[in-house]
Amino acid sequence: MPRPVHFEIHGDDPERAARFYTRVFGWTFDRWGEQEYWLLDTGDAIPGIDGAVAPSQEHGQPVVLTMEVEDLGSFTARVREAGGTVLLERAPIPGVGWLATATDPNGVLFGLMEPDPEAGG
């Protein structure tokens with residue numbers, strides 16, 4: 001069965017995006033070659049995927065990534081402290097958990113999900 005094995009976060013300032021995601025999630029970045037492309041490592045947890053940051057593309061943002069977090073409140077605070085914007089503070093996804101949406105400093109939308117089977121019940 002196919003599964004995601006890589007993702008890219010596009011923005012007008014990839015280095016700024018790398019700093020943001022390092023501050024919020026602790027991800028690490030390494031520039032790949034001479035181009036404006038930074039491979040990113042999201043950690044050793046399985047399941048999970050790694051990805052990259054790259055300059056904006058003409059096609060815009062085709063995918064919104066959602067990261068699982070242990071404490072939604074602390075991560076929305078981290079987003080703000082790192083220069084991002086929280087668009088949706090906390091919304092229940094019944095039987096799944098609590099969702100927040102935010103943008104990074106480049107305006108890239110992403111989600112934060114705190115698992116909680118009792119959410120919205």
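Let's start with a pair of charged side chains: Arg90 and Glu114 form a salt bridge, with their closest N and O atoms 3.9 Å apart. A salt bridge here means a side-chain nitrogen of Lys or Arg within 4 Å of a carboxyl oxygen of Asp or Glu. Arg90 sits in strand E6 and Glu114 in strand E8, so the pair ties together parts that are 24 residues apart in sequence. Helices (H or I, at least four residues) and strands (E, at least two) are DSSP runs, numbered from the N terminus.

Before going on, a word on what you're looking at: this is a predicted model, in which local features need pLDDT of at least 70 and side-chain atom pairs count only at pLDDT 80 or more, while totals for chains, interfaces and linings use all residues. Residues are numbered from 1 along each chain as its sequence is written, and side-chain values use heavy atoms, with hydrogens and water left out.

Back to our pair. The cut-offs are under 20% relative accessible area for buried, over 50% for exposed, and partly exposed in between (1.4 Å probe, protein chains only). Leaving out residues up to four places away in sequence, Glu114 touches Val69, Glu70, Asp71, Leu72, Arg90, Val96, Gly97 and Trp98. Contact means heavy atoms within 4.5 Å.

Now zoom out to the sheet. E6 and E8 belong to an open sheet of four strands in the order E5-E8-E7-E6, with mixed pairing. Two strands pair if DSSP finds at least two bridges between them. At the edges are E5 (65-68) and E6 (85-93), each pairing on one side only. On average, neighbouring strands are turned by 25° against each other, direction ignored. E6 and E7 (residues 97-103) run antiparallel, joined over six bridges, and Ala91 stands opposite Leu99 in E7.

Two helices go with this sheet. H1 (residues 14-25) packs on the sheet and touches E5, E7 and E8 (109-115), its direction making about 10° with that of E8. H2 (residues 72-81) lies across E6, E7 and E8, running at about 165° to E6. For these angles, axes are lines fitted to C-alpha atoms, for helices over the stretch in contact, and angles run from 0 to 180 degrees between N-to-C directions.

Which residues of H2 are buried? They are Leu72, Phe75, Thr76 and Val79. They cover an arc of only 100° around the axis, which puts them on the same side of H2; the arc is that of the directions from the helix axis to the C-beta atoms. An α-helix has 3.6 residues a turn, so residues three or four places apart point the same way. The cover over the buried residues of H2 includes H1, E6, E7 and E8. At the start of H2, a side-chain oxygen of Asp71 comes to within 3.1 Å of the backbone nitrogen of Gly73, and just after H2, Gly83 takes a positive phi of about 100°.

How many salt bridges are there? The count comes to three. Besides the pair we began with, Glu89 meets Arg80, with the closest N and O atoms 2.6 Å apart; Glu89 is partly exposed at 40%, as is Arg80 at 42%. Then there is Arg16 with Asp12 at 3.2 Å, N to O: Arg16 is partly exposed at 27%, and Asp12 is exposed at 61%.

E2 (residues 28-31) and E3 (residues 38-41) run antiparallel, joined by four bridges, with Arg31 opposite Trp38 in E3. Their hairpin has six residues between the strands, and Gly33 takes a positive phi near 70° there. Ile9, in strand E1 (residues 8-11), is buried at 6% relative accessibility. Ile9 and Trp38 are 29 residues apart in sequence and 9.9 Å apart in space, C-alpha to C-alpha. Among the residues that Ile9 touches are Tyr21, Trp27, Leu65 and Val108.

Notes: Polar contact = N/O pair within 3.5 Å; in protein donor to acceptor, adjacent residues only side chain to side chain.
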